[in-house]
Amino acid sequence: MKQIKKIGFWFLVLFLLILICLPGIWIFVSAFRPNPEILAKPANWIPDRWTLHQFTQMFSINGYVSVPAFKYLMNSVIISSVSTVIAITIGMMGGYAFARFNFKGKNKIFLSLMLARAVPGISLSLPLFILFAKVGIINTSFGVILVYVAMNVPFTIWLTDGFFRQIPKEMSEVARTDGCTRFQAFWNVELPLAGPGIGAAAIFAFLLSWNEYALASILTRTVHSKTLPIGMMDYLDEFTINWAGMCAIAVVMIIPALILTFIVQKHLVSGLTFGGVKG
Amino acid sequence: MAKVELKNLTKKYGDVVAVQNMDLTIPHNEFLVLVGPSGCGKSTTLRMIAGLEEISGGEIFIGDQKVNEKDPKDRNVSMVFQNYALYPHMTVEENLGFSLKIAKVNPDEIEAKVQDAVNILGLEDLRKRKPSQLSGGQRQRVAMGRAIVRRPDAFLFDEPLSNLDAKLRTQMRTEIKKLHQKLKTTVIYVTHDQVEAMTLADRIIIMKDGFIEQIGSPIDVFSNPVNVFVATFIGSPPMNIIECEITKSNDQIMIKLDNDILVHCPKEKIAKLADLKKVIVGIRAEDIVPVKSFSNEQKSLWAFSKAIDLAEPLGTETQLFFKLQNQEIISRMYNPRPVDVGENINFQIETNKIHFFNYETKKAI
Amino acid sequence: MVRKIFRSPVMLIMPSILAIGFVIIIPLIFSFYTSFTSYKLTRPDSLFNFVGLRNYERLIDNAKFWYAFGRTILFLAVVLNLELLFGLGIALLINKITWGQRTLRTIMMFPMMFSPILVGFQWKYIFNDNIGLLNNFLYLFGYESAIPWLIDKYLAMGSIMVAEIWANTSIFAILLLAGLLGIPRDPIEAARVDGCNSWQVFKNITLPFLMPFVFIALTIRSLDVGRAYDIVHIMTGGGPAMRTELLWTMIARIGYKDANMGFANAMSYVSIILSIAFTYYFFTKLVAARRDLGQQ
C-alpha cells in the first residue's frame, strides 16, 4: 500500500514536470527545425535535420533580413535596462521611506501606488497614445522607457520596502550615532545589506519591461523603437504564420529571461512575502 | 487516567542513537520529570510517547494499550510545548476548545469544560483575546488550559517554562504542582533545569546521551547520586569534585585532598578504597562548613584551613571559593560575615556526608 | 541636496509619485475627459465635442459589451480559482519532497519567465488544429480528425484558460510553498496531539497559516490580470465570432480598429475599476488574514 502511494506520488511529480516543461521545450526544438518538417503530417516527432536557418536570417548573417531581430533585441535591451535603472533608483527611495519613516496617510499612499499599478496596460494605452502623439514622443525609446519606469515603480517599492524592513533599524541607528548622516547610513549600511534584494527587484523590473506587450504594441510603430515582443508579431501574417521563425525569436526572448529568473528566484519569494503589509 | 510503560524503547537517527533501550514504568498519577543536558534524549522520549516521533525499536503502552502504531490523535495524551504552540488565529477560548471540537463533543459540554479550565487557570478576562495579545505567562497558562480540557490519560510537558523570566518561572512552577494535585493525572515533564525537576517531581529520571543515569525521588538522587554526572547535575551549586590520590602510611589509608592536606579515609570505606590508587571525592558546598576553630573530636571530621580566592555574599549565605588540587571548590557560609580575599578560613567536613566515586568508572563507591 | 532628501519621507516618495502621476494619473484624467466626448482619432476636433454621458449610455445598451464584461468576470473567476487550487496542490506536493526540492522549485518557476505574448504564441502553436502538438499527440492514439481547439466556439475559451493557467499557476505555487515552509512546526504537532487527523490539521492549522500567502498571491496576480489581453490577442484575437472577446480585447478593437476613442475610454474605465477592485479586495483580505494570525 505504502509502495503504491509512493509510486503514485512520483508519477504525479513527473506528470507535473512534463506539463511545465514540455511547451517550452517544444518551442526550443522547433526553432532549430526546418519549416517543412514542422508542417509534416503525420507529425515528425524526432527531428531529422537541425538547422540554424531562422537564426542566421534573423541576425542577417547571410545578408538577407526577414525580420530585423537584432535591432529589436537592441531596442529591448536598451529600453529594459534604462527603465530598470531609473525605476529602481526611484522605487528604492520610496521603499526606504515606507520602511523607515512614519508619516500621515502612509498606508493609504502605499495602497494607492499599488492600485495605480493595477491599471491594465491596454486601458492605459489609449490616452497614452494620444498624449504621446501630441507631445511628440510616440514611437521613441524615451516614451516607452518613461512608461516602464512608472509601471515598475510601485512593485519596486513593494519589494524594497520588504527588504529594508528585514534589516534591523538599529543598524542604521548605530551608524548615525557613529557620525553618519541619514544618507550615509543608508548608503554605507542599509543599501549593501539590502543589496541582493534590490538586485532581485531590479531583475523583476527588467523582466516586466522585457516581456511587456500591450503598451509597447501601441506606443512603438517602427523598427526604430519596436521591442522583441512586438517584433515577434512580424512572423504573424493575417493568414500564415512562420512557425519556425516565431519559435526562433521566442528562444531569443526567453533565454535572457531564463537566466535572470534563475539568479533572482531566492530573493524574489522573500521579497514578495514580507513586503508591503503594515496591518 | 492511566499508567505509561516504555519497554526497550530506542530511537536512532541514522547511526546516531538518541534514546537507547529505555525501560520505564510510570504509575498512574505520578509526576515524573525527565532531566538532563540538551541532546540527552529526554525530549525525543517525550515526543515518542506523544507519537510525534517514530519509534526505532521497543514498545510504548498507555493504559494497557500498545500505542506504537497509533497516531498522536488516538493516544489521548496532551502536550504543552516549549513555545506554547498556541493557534495564533484562534481566540483563547477557541484554543481551549479546539481539541474537543475536533472530537465532536457537543457545544454545551465544550463550553462547560472550557469554563472549567478558565476557572482553574484564572483566564476569565482573556477569553476573547488572541494569543498575540497575551503576555508570556498568560500564553503559558492557555497552553496548559488546552491540555487540561481534554482530561487526557497523561500530560506531557516539553520544557514548558524555559521561555519565561525567572520570577514567572517560579510562580508557574507552583501552579503546575498545584494543578497536578488537583487533577490527579500522570504527568511526564521534560526540563533541563534541575531546580524544576527537584521541586516538581515525584520521581526524577536523569538522562545523558540517550541513557538513563539514575531514577529516584528528588531526595534520593540528591543524597545518593550513583555517579559523578548525577552528582554534579543535581544540586546548586554543583557538588564539588576533587580527584585525590590515596596513600598508605603506617597501615593507615590516607586521602590527599591537597598538596599539604592529608585526611584519614573514613572507616566504613577503608575496605573499598584500600586497593585503589586514586579516587574522586565529592562534597556538597553546604557540607564544607567554615568554622571559627576546630573542635576537639576531629576523628569523624576532615578539617583544614585554606586561603579564600573569592567571596560572594548572597544575603542568607556567602559562597566562599578556594582551590583544592587546583579545582575550584565552593563552600557555603550560613552565618555571613564580611570575608576578605586571601583570608585563611578553617573548614571542616563531616565524613558521612562525603561521596566517593571510582576514578575510572565514575560510579559511586 | 541628497542629505535633505533623505531626511524627509515626502521627498523620498516624490519621484515615484511624479512618475506615476505623469504616466498613469494624468493620462487617466485625460481619458476620463475624453470618455465624455465623441473623440475619434480620425477627427481631432471632435476632442472638444462634449457629449455628456452618451458613451456610458451606449455602453449600458451595448449587448456585446455586457457579454464581454460577463465573460471577463467568468474568465477571471475560473482562472484565479483554478490557479489557486493547482498552485496549492503543487506546493503541497513539492513540500513533501525532501530530495531535489530546490531544483524542482526552480523548474516550477519556469512559466513565470515567459512573456504573456510568448505564452499565447506557444499555446497557439500547441493548440493548432493542423500542426499542433496536442492534435499530433492525439493522432497517435487514433483521433485522426483534427480537433479545432482555437476555432471551435466552445473549445477556444477553454484553450485560452489552459494557457493562462499554465502561465500563472507557478506564482501561486511558489508563494504558497514559501508559506508552507514558514509554518512553525509546533502548532501542527499540538493539533496532532489534540486529536486532529491529517485533513483536520490541514483545515484548521495549515490553511489559516497559509491564508496571508494566498492573498499575497492573489494581490500580485490581480495586478496583472490585464495581461491576459496579450494571450487572447495572439491566440484568437477575440474570435471565433467574438466568443473569446474579453473587455481588454474589445477596448483595443474599438479604440484602434474602429478609432472610436471616446467609447473605448468609457470601456477602459470599467476595466480599470474592475482591476482596481480586485486588487483592493485581495489586499484588504491580506491585511485581515495577517491580523488574524497576530502578525504586525
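Q: How far apart are the centres of domain 1 of chain B and domain 2 of chain B?
A: In this predicted model, 40 Å separate the two centres, taken over C-alpha atoms. The domain assignment places domain 1 of chain B at 4–233 and domain 2 of chain B at 240–358.

Q: What makes domain 1 of chain B and domain 2 of chain B count as being in contact?
A: Two residues are in contact if their C-beta atoms lie within 7 Å. Five residues of domain 1 of chain B meet five residues of domain 2 of chain B in this way. On the side of domain 1 of chain B, these are three nonpolar, two polar and no charged residues.

Q: Which domains does the assignment give for chain A?
A: Chain A has domain 1 (2–58) and domain 2 (69–274). Their C-alpha centres lie 32 Å apart. The contact takes 11 residues from domain 1 of chain A and nine residues from domain 2 of chain A. On the side of domain 1, α1 (2–31), α2 (35–38) and α3 (53–58) of chain A each give two or more residues, and the largest share, four residues, comes from α1(A). By class, that side holds seven nonpolar, three polar and one charged.

Q: How do you know that chain A and chain B do not touch?
A: The test for contact is C-beta atoms within 7 Å. No contact is found between chain A and chain B, and their nearest C-alpha atoms are 14 Å apart.

Q: Which chains share the most contacts?
A: Of the two pairs of chains in contact, chains A and C share the most. Here 71 residues of chain A are in contact with 73 residues of chain C. Among the elements of chain A that give two or more residues to this side are α4 (69–100), α9 (182–211) and α12 (243–274). The most, 13 residues, comes from α12(A).

Q: What classes of residue make up the side of chain A that touches chain C?
A: This side has 57 nonpolar, 11 polar and three charged residues.

Q: How many residues do chain B and chain C give to their contact?
A: Chain B gives 20 residues and chain C gives 16 residues. In chain B, β6 (77–80) and α2 (92–102) each supply at least two residues of this side. The side of chain B divides into 13 nonpolar, five polar and two charged.

Q: Why is a set of residues called a nonpolar core?
A: The name applies because its members are buried residues of listed nonpolar kinds, joined through C-beta atoms within 7 Å. The largest such core in this model has 269 residues, and Ile249(A), Ala250(A), Ile188(B) and Leu176(C) touch the most other members. Helix α7 (residues 141–166) of chain A gives the most to this core, with 15 residues.

Q: Which residues is Ile188(B) in contact with, leaving aside its neighbours within four places in sequence?
A: The partners of Ile188(B) include Val4(B), Ile26(B), Leu46(B), Ala154(B) and Leu156(B).

Q: How many helices and strands does chain C have?
A: Chain C has 13 helices and zero strands.

Q: What share of the residues in chain C is buried?
A: A residue is buried if 20 or more other C-beta atoms lie within 10 Å of its own. By this test, buried residues make up 49% of the 296 residues in chain C. Among contacts in chain C between residues at least 6 apart in sequence, 66% join residues at least 24 apart.

Terms used: Residues numbered from 1 in each chain as written. Chains lettered and ligands numbered in written order. Predicted model: local features only at pLDDT ≥ 70, side-chain atom pairs only at ≥ 80, totals over all residues. Domains from an automatic or database assignment. Nonpolar A, V, L, I, M, F, W, Y, C, P; charged D, E, K, R; others polar. Buried ≥ 20, exposed ≤ 12 C-beta atoms within 10 Å, placed from the backbone.
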